[in-house]
Amino acid sequence: MLVINARNVNEALPLGIMHLKAAGKEVAPRGLKTIEYPTPVCTVYKRPWERVLLEPLRDANHIFHLMESLWILGGRNDVSFPCMFNSKLAQYSDNSLTFHGAYGHRLRSCGKDQLKEVVKILQKDPDTRKAVLQIWDYKKDLGYGGNDLPCNDLIIFKIRDGRLNMTVCNRSNDIIWGCYGANAVQFSYIQEYVAAMVGCAIGEYRQVSDSFHAYLDNPQWEQLQNISPNDVYNHAYYPMIEEPTTFDIELKEFLEGQRSFFYDNRFFSDVAVPMYNTWFAHKETRDGAFVIDQILDTAWRQGVEQWLAKRGDK
C-alpha cells in the first residue's frame, strides 16, 4: 500500500497525481478509460481542517463543496438542495428526487443516527476501538445497478493522545473530483462534528482508497500533472461548532431556508450564509463579489474569490 503523508489537501493533490502518473495502469470499468494505482493508497492529512483546495488550475466549486458537506451533516438525501449549487449532480439520482447512496442519509436517517451513537460510545470510553460508522449496506448496494452507489463505505474513529483520528475506507476514489476535492471537505467536517460533540481536538484524517484513479477523459488530469506540492496555508482555523447543543437545530434551520445572522454557532452567520448568498448573487446578477467580504473564514473567502474571478464576476 502506498501512504501519502501531507499537511493538507493542497499538498496531497500534487503528490497523488505524481504517484498515479508514475505507476498507474490503464483500466476501463464500465468502458470508461481510467488510470489506476496498482495498490490501495492511504492519504494521511495531518491538518484536515485545512480543507479548502486553493490550486487555481483545479478551479474547485468551493460553495458547492461547503453546501454539500452541510447537507450531508444534516442527514439529507434530497436532490433539490445540493443541485442548486451543482446541477450536474442530478444525473446520479435514479428518480430525480432522492439519491440512493447519500452519505448523510445513510449515517443519520436510516433508523439510527449513527453520528449521535458514535459520540456516545466515544464519550463513554475514549480508548474504544468500536466507534465505527457504516455507509455501505449490502442489502441495498450489493448488485445494485443504479446511478449512485456509495464510494465511501466505512468510517472509523479513535481517540489517541486527546485527539480524534478518523479513517475513511473508500472502494473507488477519483482523485480529482472525489478524494482531493469533495471528500476532503465532506469527511473533515464529519470528523470536526464528532470531535466537537465528544469534546476533544481534531487529529489525523486517513483516507484509504482501494481504487485510487483518475478518468483519462477529464481534461484536468493533463492540466494538473505539473503542479507542485504546496503546504503553505496562511489561514487561521475557523471552527464550525461553538455551541454543540444547538448546532443540529441551527443546521436544520439553515438547510430548510430559515437563514439569519443570529446563531449560537457563528459559522452559519460568518461563513455558510454569506457563501450561500454569494452563490445566488453570482447566478442572478454576476455580482457575487459584493458579498465576499462577509465570508469571515479567510480560506473559504480566498477560494470563492478565485472561483468567481474565473467567471468574470464584478
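1. Helices are DSSP runs of H or I with at least four residues, numbered from the N terminus. By that count V198 is in helix 7, which spans residues 175–198. The model is a predicted one: local features need pLDDT of at least 70, side-chain atom pairs count only at pLDDT 80 or more, and totals for chains, interfaces and linings use all residues. Residues are numbered from 1 along each chain as its sequence is written, and side-chain values use heavy atoms, with hydrogens and water left out.

2. V198 has a relative accessible area of 17% and is therefore buried (under 20% relative accessible area is buried, over 50% exposed, in between partly exposed; 1.4 Å probe, protein chains only). Leaving aside residues up to four places away in sequence, V198 touches V119, L122, Q123 and I159, where contact means heavy atoms within 4.5 Å.

3. The whole structure holds 18 aromatic pairs (rings of Phe, Tyr and Trp, the last by its six-membered ring, with centres within 6.5 Å; planes under 30 degrees apart are stacked, over 60 edge-to-face, the rest tilted). One of them joins Y103 and F187: the ring centres are 5.6 Å apart and the planes at 50 degrees, so the pair is tilted. Y103 lies in helix 4 (residues 103–108) and F187 in helix 7, so this pair ties together parts that are 84 residues apart in sequence. Both Y103 and F187 are buried.

4. F254 and F268 form an aromatic pair that is tilted, at 5.9 Å centre to centre and 40 degrees between the planes. The pair links F254 in helix 9 (residues 244–255) to F268 in helix 10 (residues 266–285), 14 residues apart. F254 is buried, with a relative accessible area of 0%, and F268 is buried with a relative accessible area of 0%.

5. What sits over the ring of Y189? The charged end of R51 does, 3.6 Å from the ring centre. The criterion is NZ of Lys or CZ of Arg within 6 Å of the ring centre and within 35 degrees of the ring normal.

6. The second largest pocket has about 210 Å³ of space. Its lining consists of 15 residues, with N10, L54, N230, V232 and Q302 nearest the centre. A pocket is an open set of points on a 1 Å grid over the protein atoms alone where a 1.4 Å probe fits, with protein on both sides within 12 Å along at least five of seven lines; lining residues have an atom within 4 Å of a point. The volume is the space filled by probe spheres set on the points, which are joined across faces, edges and corners. Helix 1 (residues 9–23) gives the most to this lining, with 3 residues.

Methods: Helix = DSSP H or I, 4+ residues; strand = E, 2+ residues; numbered from the N terminus.
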